[in-house]
Amino acid sequence: MAIGVFDSGVGGLTVHRELTRRFPDRDFVYLADQANAPYGGRGGEEIVELTRAGCERLFEAGANIIVLACNTASAIALRRLQQSWVPDARARHGRPINVLGIIVPTIEAATGLPWTYEAERRGEKIEAIDITGVFCTAATAMSRVYEIEIDKRREDLAVFSEPCPGLAGLIELGAPAEELKVVVEDHVDALRRRIGRHPDQAILGCTHYEIVADLFATALPPGTPVIHQPTAVADALARYFERHPEYDLGGSGRRDFLTSGKPGPQSELVVQFWGAPLTFTPA
């Protein structure tokens with residue numbers, strides 16, 4: 001039994017690494033759907049089906065809890081899977097299983113409020129509004145999940161999403177830092193021009209972007225707070241396990257890395273981020 005981590009590619013390794021730090025004795029199995037990466041430019045139904053297939057493969061590999069370490073999959077597919085597919089999968093596999101996303105913990109971290117909180121609308125004038133910039137894929141931006149859910153909780157936070165088409169693909173392919181730096185700077189400047197100033201805080205709304213978080217930090221004004229999804233997800237998962245002791249998560253410290261794409265060593269960019277060579281096996 002294990003904790004499963006799913007992403008379209010290598011971006012979810014940022015979440016995986018933090019989870020293994022937080023739960024070092026637990027067993028983990030990671031699945032990268034590299035044959036279909038990136039997800040950001042795909043249609044909604046296709047994203048749902050690819051995510052469902054990836055989760056089924058992880059359940060077959062022994063995962064009891066799956067973390068969708070992909071903002072696109074979390075924004076587009078998670079609710080559908082939880083409502084219409086997970087109950088049947090639970091019955092088929094005959095054990096407690098569930099699929100969790102990374103957007104809820106991110107919004108909790110960005111607002112400082114629990115997911116269950118909803119602001120009371122009094123119609124009062126908001127004296128000061130802070131701006132949250134969300135750098136994300138086109139599909140996540142089109143879903144408007146961050147705008148909608150943050151507004152439910154904080155009227156004093158305005159959200160502007162900046163879609164970064166192609167950036168996740170470049171990171172997945174191991175593009176050189178010089179090329180990535182130009183792309184990141186262009187998107188940070190595009191957001192600045194659109195809202196008239198830099199955001200007061202930023203969300204890296206694609207786990208691939210966490211691999212180049214240093215480039216975003218350099219492109220943003222010094223000291224700009226950045227919400228890091230891996231930490232937010234690890235905090236939320238620890239709270240989840242406290243509420244749900246029924247899940248068997250293994251205890252041997254096993255680490256498996258699977259891919260639907262070409263197995264073998266990952267790019268030099270991933271090696272630099274991970275701190276050691278990393279090889280995926282066929283899913």
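Reply: To read a lining by class, one counts Ala, Val, Leu, Ile, Met, Phe, Trp, Tyr, Cys and Pro as nonpolar, Asp, Glu, Lys and Arg as charged, and the others, Gly among them, as polar. Keep in mind throughout that this is a predicted model. With those classes, the lining of the largest pocket divides into 16 nonpolar, four polar and six charged residues.

Me: What is the volume of the largest pocket, and which of its lining residues are the closest to its centre?

Reply: The largest pocket has a volume of about 750 Å³, and of the 26 residues that line it, L78, Q82, G101, V104 and W115 are the closest to its centre.

Me: How is the lining of the second largest pocket divided by class?

Reply: Here there are four nonpolar, no polar and seven charged residues. The volume of this second largest pocket is about 190 Å³, and of its eleven lining residues the closest to the centre are Y117, A119, E120, R153 and E155.

Me: How many cavities of 30 Å³ or more does a search of the whole structure find, and which residues lie closest to the centre of the largest?

Reply: A cavity, in contrast to a pocket, is a space where the probe fits but cannot get out. The search finds one cavity of 30 Å³ or more, and about 70 Å³ of space lies in the largest cavity. Its lining has 13 residues, of which S8, C70, T137, C206 and H208 are the closest to the centre. Both α3 (71-76) and α11 (207-211) supply at least two residues of this lining, and by class the lining holds five nonpolar, seven polar and one charged.

Me: Turning to the nonpolar core, which residues of the largest one touch the most other members?

Reply: In soluble globular proteins, nonpolar side chains tend to be buried together. In this model the largest nonpolar core has 52 residues, and L13, L19, F135, L167, Y209 and F216 touch the most other members. Helix α10 (residues 177-195) contributes the largest share of this core, six residues. Leaving aside residues up to four places away in sequence, L13 touches Y30, F257, V270, F273, W274, L278 and F280. There is also a second, separate core of 26 residues, which includes V48, L50, L78 and I97.

Me: In what order do the strands of each open sheet run, and which strands stand at the edges?

Reply: Strands of a sheet pair through backbone hydrogen bonds, either parallel or antiparallel. Strand β7 (residues 201-204) is joined to β8 by two bridges, and A202 stands opposite V226 in β8.

The other open sheet has seven strands in the order β4-β3-β1-β2-β9-β11-β10, and its pairing is mixed. Its edge strands, β4 (98-100) and β10 (264-265), each pair on one side only. Within this sheet, β9 (residues 255-259) and β11 (residues 279-282) pair in the parallel sense over two bridges, and the bridge partner of T259 is P282 in β11.

Me: How many of the nine residues of α6 are buried, and what do the buried ones pack against?

Reply: Buried is taken as under 20% relative accessible area. By that criterion seven of the nine residues of α6 are buried, namely I103, P105, T106, I107, E108, A110 and T111. The buried residues of this helix pack against α3, α8, β6, β7, β8 and α13, and just after α6, G112 takes a positive phi of about 70 degrees.

Me: Which peptide bond is cis, and where is R144 found?

Reply: The cis peptide bond joins A37 and P38, with omega about -5 degrees, and P38 is found in the loop between β2 (28-32) and α2 (44-60). R144 is found in the loop between α7 (138-143) and α8; its phi is near 55 degrees, a positive value in a residue other than glycine, and R144 is partly exposed, with a relative accessible area of 45%.

Methods. Residues are numbered from 1 along each chain as its sequence is written. This is a predicted model: local features need pLDDT of at least 70, side-chain atom pairs count only at pLDDT 80 or more; totals for chains, interfaces and linings use all residues. Side-chain values use heavy atoms; hydrogens and water are left out. A nonpolar core is a set of buried Ala, Val, Leu, Ile, Met, Phe, Trp, Tyr and Cys residues joined through side-chain atoms within 4.5 Å. Buried means under 20% relative accessible area, exposed over 50%, partly exposed in between (1.4 Å probe, protein chains only). Helices (H or I, at least four residues) and strands (E, at least two) are DSSP runs, numbered from the N terminus. Contact means heavy atoms within 4.5 Å. On a 1 Å grid over the protein atoms alone, a cavity is a set of points where a 1.4 Å probe fits but cannot get out, and a pocket is an open set with protein on both sides within 12 Å along at least five of seven lines; lining residues have an atom within 4 Å of a point. Grid points are joined across faces, edges and corners, and a volume is the space filled by probe spheres set on the points. Two strands pair if DSSP finds at least two bridges between them.
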